[in-house]
Amino acid sequence: MSKTKTRSHKAEKVIERMGEKLNRQIAGSMIACVHCGMCIDSCHYVLANPGDPTYAPPYKADRVRKLFKKHFDWTGRVIPWWVKAGSVYTDEDLEELKDIVFGKCTNCRRCSINCPMGVDFATFNRMARGLLVSVGVMPEGVAVVSKDQWEIGNQMGVLKEDYLETLEWMEEELQDELEDPDVAIPVDKTDCEVVYSINPREVKYDPRSIADAAKIFHAAGESWTMPSEGWDMTNFGLFSGDDLLGGSVAQRLYEKVSELRGKTLVISECGHGYRSTRCEGPNWAKYDVPFEMESSVLTMLRYIKEGRIKVDKSRNTAPVTFHDSCNNARSCGLFEEPRELLNLVCEDFREMYPNRTENYCCTGGGGAMSMSEYTPRRLKSASVKANQLKETGAEAVVTSCHNCVDGLTDVIRHYELGMEVTQLVNLVANALVIEEKVAVPVEEPVVAEPEEAEALPLAGRTILVADDEPDQVEFLATVLEDNGATVYRASNSDEALEQARRVKPDLLTLDLHMPGRDVGEVFEIMRKDPDLEDLKICVITGRPELRKLIYDRSVRRPEGYVDKPVDEERLLLNVRKVLELAHEHEEAAP
Amino acid sequence: MSDLLHFSEHTLQEVALVFMVVVYIARITWFLRRFKAGGERQAPTGRMNTTKAKGILYSWANIAMPWAMESTRTKPLMYVQFAVFHIGVTVAIALSFVIPYWPTLLDSPSLVVLLQILIGAACLVGLVRLVRRVSNPYMRAISSPDDYFSLTLLTVWFFFAVLAVPNSAANGEWHLITYFIMTAFFLMYVPFSKISHYLYYPFTRYYFGKSMGYRGVYPLQHG
């Protein structure tokens with residue numbers, strides 16, 4: 001007796017939409033695999049999980065391929081068992097597929113370039129993600145980030161006022177640093193040579209990179225601007241497989257640049273942002289871009305080659321290595337220019353092996369950083385990257401990708417490699433020789449005398465440092481005290497809450513992983529406590545995936561965020577930003 | 001020559017060949033008409049000296065450049081197996097045309113030995129591949145009945161091809177008849193099996209190479 005299996009509405013839609021998504025390249029990849037196994041050990045998940053075939057690229061690909069065979073291929077339709085064709089029937093089937101396409105692959109494309117048949121698994125894995133997203137089956141983080149990018153216009157939900165305020169703040173910092181009140185970060189200036197687009201992560205966690213870029217544009221005498229809207233060059237559509245989102249986000253940026261009549265859109269260092277904006281966006285949006293687009297890596301290199309900026313590599317003496325972002329190297333051919341630039345601005349550049357198109361993923365790619373449920377799996381697979389990094393003997397790893405910055409930071413912390421992660425923009429800015437400054441007498445560093453304490457930047461501020469790592473507490477407290485703050489300490493979440501209520505500090509630096517009550521819960525309690533209404537909170541964590549503990553809550557978000565490992569400069573910048581001191585200083589100025 | 005052998009060498013082969021061609025044409029037509037090729041609107045990226053055309057050529061030539069990909073560069077034995085196996089397939093197929101239409105070519109004893117060595121080596125590789133597919137947990141996990149059957153079919157077919165090379169019926173015709181019947185079956189089965197990969201290979205490599213060349217990824221650079 002034959003029994004027809006019923007299919008859930010979602011499963012029905014997945015099959016139906018698959019037919020619409022298949023193009024010749026993807027269909028070819030579905031048919032042409034011969035299961036030769038040559039690609040298997042090109043995958044970092046496989047290398048880190050020996051003996052587990054479920055991570056093998058062809059195994060993962062077959063979870064998607066079986067649908068193609070069952071519904072579109074001749075043999076699979078007639079004798080499905082012969083070619084392992086199959087379908088999805090229930091929502092549980094879709095959840096299983098989700099676990100594979102989101103949780104066991106970062107779409108790094110390393111298997112694709114190692115396939116003798118030219119099967120591009122990464123591309124159809126992305127298609128499968130898109131199919132699942134279209135029926136609402138996706139990791140929670142993907143849903144949250146996609147929602148922010150649809151609704152707010154950027155993937156981190158940065159509000160326009162926060163963005164503009166950060167630009168103003170960085171402009172002031174730069175004016176102070178260069179002692180030049182004319183240095184500007186122009187916004188919405190029309191007819192510029194360069195329109196500079198950034199990653200919202202820069203606004204939220206790494207504003208220094210905006211200032212560094214501005215410093216370089218200023219030194220080069222560039223006519224440039226940043227858009228007030230549509231400034232986010234990242235695109236979660238690449239990760240979620242949602243072409244509609246991808247097209248919409250890309251078009252928003254393209255239209256803004258056109259509106260400003262910019263000649264070149266310069267994309268800050270971000271692998272997926274560069275690939276999405278430069279390569280995929282016009283195709284998703286079906287939009288013929290009327291201006292040029294380039295990575296800021298190319299822009300900086302061009303400035304040096306054209307003599308528009310001068311650099312002194314002796315300012316970057318620490319040994320550095322370079323991590324090729326998968327999206328830059330394997331999807332956009334951007335791998336020689338960063339090296340050329342590194343050799344110009346660093347004294348000791350060491351290659352990591354393998355590199356360029358054969359480099360391993362940072363393990364945070366494909367949106368993995370937003371999928372906290374897969375974090376243990378991701379960190380285990382990162383052993384491959386950790387070994388690569390360790391073997392270089394470098395003190396810092398440079399990458400042209402913000403996603404990789406987060407991914408590598410996690411890897412370095414997890415495997416205790418003690419390395420810094422930085423970007424080319426930071427190194428170029430540090431190596432920048434600004435002629436005008438040579439003539440300015442260098443002031444002696446001011447030694448803080450007790451009677452001069454009022455002049456210290458954090459003088460009069462009370463800060464509560466909550467962290468369970470004694471070394472970390474001491475470091476933070478010392479830096480803050482040296483800058484004039486009165487510091488209190490807490491080593492667990494309950495103590496942090498108790499101290500906050502008792503001391504009522506101006507600022508709480510909050511580690512997200514501490515003993516005691518759930519830190520997210522404590523955060524919410526503080527936010528809802530009317531006595532702590534004025535308390536500013538700066539999250540300091542080495543586990544970015546824990547952000548959702550905070551950001552998912554329907555209370556005011558933290559005012560600041562700093563990734564561990566923390567350096568003094570970044571800590572102070574963020575603390576001052578949170579306490580709005582930069583703004584106050586401006587007001588206080590005569 | 002018996003009627004059965006004659007039928008196997010000629011009529012059966014011709015029917016099988018026509019069948020295969022018809023099915024192949026139908027498959028290619030379906031592939032090209034059902035699925036549209038995606039295009040790229042953006043300006044090219046990467047090194048200035050890479051183009052779509054170079055990418056396509058590089059992609060097609062990839063098969064003959066074991067040093068190009070890490071997967072073949074680091075597994076030279078696998079590449080040798082691949083080469084031997086596919087040379088064996090080509091020779092064994094050619095044999096099915098030589099015996100009926102140009103039998104005098106096999107009058108040369110040295111050529112016979114050469115062909116037997118080539119096909120015999122392929123048969124050996126087939127066995128090695130079968131063992132690998134069965135014993136390696138990764139290979140087992142990704143293999144379908146079609147994978148096992150296709151490999152077994154080809155390996156056995158090689159064996160009979162080795163016997164058929166001298167084109168001698170001195171010790172009976174069974175080996176020749178088996179070889180030709182298997183060839184006919186092979187021709188008719190191929191379009192429905194993984195063995196038809198060579199039909200799609202030029203397309204997958206073409207599109208992947210076109211994109212990778214346009215984006216400056218091909219020729220691959222590594223260190």
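In the predicted model, 39% of the 223 residues of chain B count as buried. The C-alpha trace of this chain spans about 65 × 40 × 40 Å along its principal axes. Chain B contains ten helices and zero strands, so that its elements, read from the N terminus on, follow the order α-α-α-α-α-α-α-α-α-α. Among the contacts in chain B with a separation of 6 or more, 80% are accounted for by residues 24 or more positions apart.

Two helix pairs of chain B were examined. Two packed helices are described by the angle between their axes and the distance between the axes. In the pair formed by helix H3 (residues 52-61) and helix H10 (residues 197-214) of chain B, the axes come within 7 Å and cross at roughly 135°. H3(B) is therefore oblique to H10(B), since angles over 145 degrees would be needed for a roughly antiparallel arrangement. The crossing of these two helices, H3(B) and H10(B), is right-handed. On the side of H3(B), the residues that meet H10(B) are Lys52(B), Lys54(B), Gly55(B), Ile56(B), Tyr58(B), Ser59(B) and Trp60(B). Their counterparts in H10(B) are Arg205(B), Tyr206(B), Phe208(B), Gly209(B), Lys210(B), Met212(B), Gly213(B) and Tyr214(B). By class, the contact of H3(B) with H10(B) comprises seven nonpolar, four polar and four charged residues.

The second pair consists of helix H5 (residues 76-101) and helix H8 (residues 145-164) of chain B, which pack at an angle of about 50° with their axes 10 Å apart. This angle makes H5(B) oblique to H8(B), and H5(B) passes H8(B) in a left-handed crossing. Gly88(B), Val89(B), Ala92(B), Leu95(B) and Ile99(B) in H5(B) meet a set of residues in H8(B), namely Leu154(B), Trp157(B), Phe158(B), Ala161(B) and Ala164(B). The contact of H5(B) with H8(B) contains nine nonpolar residues, one polar residue and no charged residues.

In chain A, five strands form an open sheet with parallel pairing, in the order S12-S11-S13-S14-S15. Strand S12 (486-490) and strand S15 (560-563) of chain A each have a single partner strand and stand at the edges, so one side of each is left without a neighbour in the sheet. Direction ignored, neighbouring strands of this sheet are turned by 20° against each other on average. Strands of a sheet pair through backbone hydrogen bonds, either parallel or antiparallel. Strand S11 (residues 462-466) of chain A runs parallel to S12(A) and is joined to S12(A) by five bridges. Ala490(A) in S12(A) is the bridge partner of Ala466(A).

Helix H25 (residues 493-503) of chain A lies across S11, S12 and strand S13 (507-510) of chain A, and runs at about 170° to S11(A). Helix H28 (residues 568-578) of chain A touches S13, strand S14 (536-541) and S15 of chain A, with a direction that makes about 170° with that of S15(A).

The contact between the two chains takes 54 residues from chain A and 46 residues from chain B. On the side of chain A that touches chain B, the elements giving two or more residues are helix H2 (24-32), helix H4 (57-71), helix H5 (74-78), helix H15 (271-285) and helix H17 (326-332) of chain A. H2(A) provides the largest share of this side, seven residues. The side of chain A that touches chain B has 27 nonpolar, 16 polar and eleven charged residues.

Notes:
Residues numbered from 1 in each chain as written. Chains lettered and ligands numbered in written order. Predicted model: local features only at pLDDT ≥ 70, side-chain atom pairs only at ≥ 80, totals over all residues. Contact = placed C-beta atoms within 7 Å. Helix = DSSP H or I, 4+ residues; strand = E, 2+ residues; numbered from the N terminus. Nonpolar A, V, L, I, M, F, W, Y, C, P; charged D, E, K, R; others polar. Buried ≥ 20, exposed ≤ 12 C-beta atoms within 10 Å, placed from the backbone. Axes fitted to C-alpha atoms, helices over the stretch in contact; angles between N-to-C directions. Parallel < 35°, antiparallel > 145°, perpendicular 65-115°, else oblique. Left-handed = near helix turned anticlockwise from the far one by under 90°. Pairing = 2+ DSSP bridges.
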